[in-house]
Every structure is written in structure tokens, then in C-alpha cells.
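Welcome, and please open your viewer so that we can walk through this model together. At each stop you will be told what to select and what is there.

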Amino acid sequence: MGGWQFLCLDHVRAFNTRYNFFDGLSTDEIYAAQSPLAGWEKTAVKGGRMAFSIGDPHGLFDGPLRQSRPRPNGPAARWADTGDAQALGALGLDRGAAPADIRRAYRGLVRRYHPDTNGGDRSHEGKLQAVVNAFTHLKAAAGYKMESNKT
């Protein structure tokens, strides 16, 4: 069928031991096939050096790099109050933050500033209080309740 050979495992092993990929090739062709750059195409010279690229017959890698593509706009800002912006700033977040982001930032900052995790060092109490006040404010905000009720 179609030039395919269906063999058992023992016959496959015997076939593979006799198979020679380089049979019928010249010395130069063998050297080119064994080169570490086999499969890469030489392209234009860049900066005095030969540049290489992989063949891309379907154009999958054409166009700008993924990092340089414009990103879609994020969700609309749900934090309208000035106090919301200040509270988000205290947590290190922007106006596009979701309630899950707020909870994650709050937990991380409480772990960082709490005296129990700092060997009793109370020098960060002011920062801890600001984080707790910011989280309390945001939990009471309409944007937090609106988003939390969706899930």
C-alpha cells in the first residue's frame, strides 16, 4: 500500500541497522547534511556577519515580533472614586485591577509587612496599616462588589 512496509519490531530493528541515510551522497553532500546549520538557510549579511534563518514556506514567522504588536485595551476602569485610586496605589495596582488581583496583592503585602513574619520587627506597621485600610476601602467599593458577584 503506497510504498509503506508494515514490519514487526524485530524486522524494524533489522531494517534500521542496514539503513544508511548517506548512501549515494558525495563527501561534500554528507558534510553539508552533518553541519550543525543543516536546515537553516543563509540570508543577507547583517553587520558584517552572515545571518541565518529557518525556512518558513507557510509564512508563520513573518511580521512583527509578538512583543511589538499592539495589545488590546484592558477592561474599562471600574474604580471611579479618587479614594479607590489611592487605595489601589497603596497596593501597587492600577485602575484595571480585578478583585482577584486586589486579594493577591493584599495577601502578599500583609505577609511582607506583618511583624509575625518579620521576627517581631514593628518598623513596617505604618505600611501594614495602609495596606489594611486600602483593602478595607476597596472591599466596600462598588467596583469590588460588582466584579465579585459575577463569579
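Helices here are DSSP runs of H or I with at least four residues, strands are runs of E with at least two, and both are numbered from the N terminus. This is a predicted model, in which local features need pLDDT of at least 70 and side-chain atom pairs count only at pLDDT 80 or more, while totals for chains, interfaces and linings use all residues. Residues are numbered from 1 along each chain as its sequence is written, and side-chain values use heavy atoms, leaving out hydrogens and water.

**Stop one: salt bridges**

Select Asp101 and Arg104. They form a salt bridge (a side-chain nitrogen of Lys or Arg within 4 Å of a carboxyl oxygen of Asp or Glu), with the closest N and O atoms 3.0 Å apart. Because they are 3 residues apart in helix α4, about one helical turn separates them. Asp101 is partly exposed at 28% relative accessibility, and Arg104 is exposed at 53%. Here buried means under 20% relative accessible area, exposed over 50% and partly exposed in between, with a 1.4 Å probe and protein chains only.

Next, pick Glu125 and Arg122, whose side chains meet in a salt bridge at 2.4 Å, N to O. Glu125 is partly exposed at 34%, whereas Arg122 is exposed at 56%. The count of salt bridges comes to 2.

Now go to Asp84 in helix α3 (residues 82-90). Leaving aside residues up to four places away in sequence, Asp84 touches Trp79, His137, Leu138 and Ala141; contact means heavy atoms within 4.5 Å.

**Stop three: aromatic rings**

The whole structure has 2 aromatic pairs. Rings of Phe, Tyr and Trp (its six-membered ring) pair if their centres lie within 6.5 Å; planes under 30 degrees apart are stacked, over 60 edge-to-face, and the rest tilted. Select Phe15 and Tyr19: their ring centres are 6.0 Å apart and their planes at 35 degrees, so this pair is tilted. Then select Tyr106 and Phe135, whose centres are 4.0 Å apart with planes at 10 degrees, so the pair is stacked. This pair links distant parts of the chain, with Tyr106 in helix α4 (residues 99-113) and Phe135 in helix α5 (residues 125-140), 29 residues apart. Phe135 is buried, at 11% relative accessibility.
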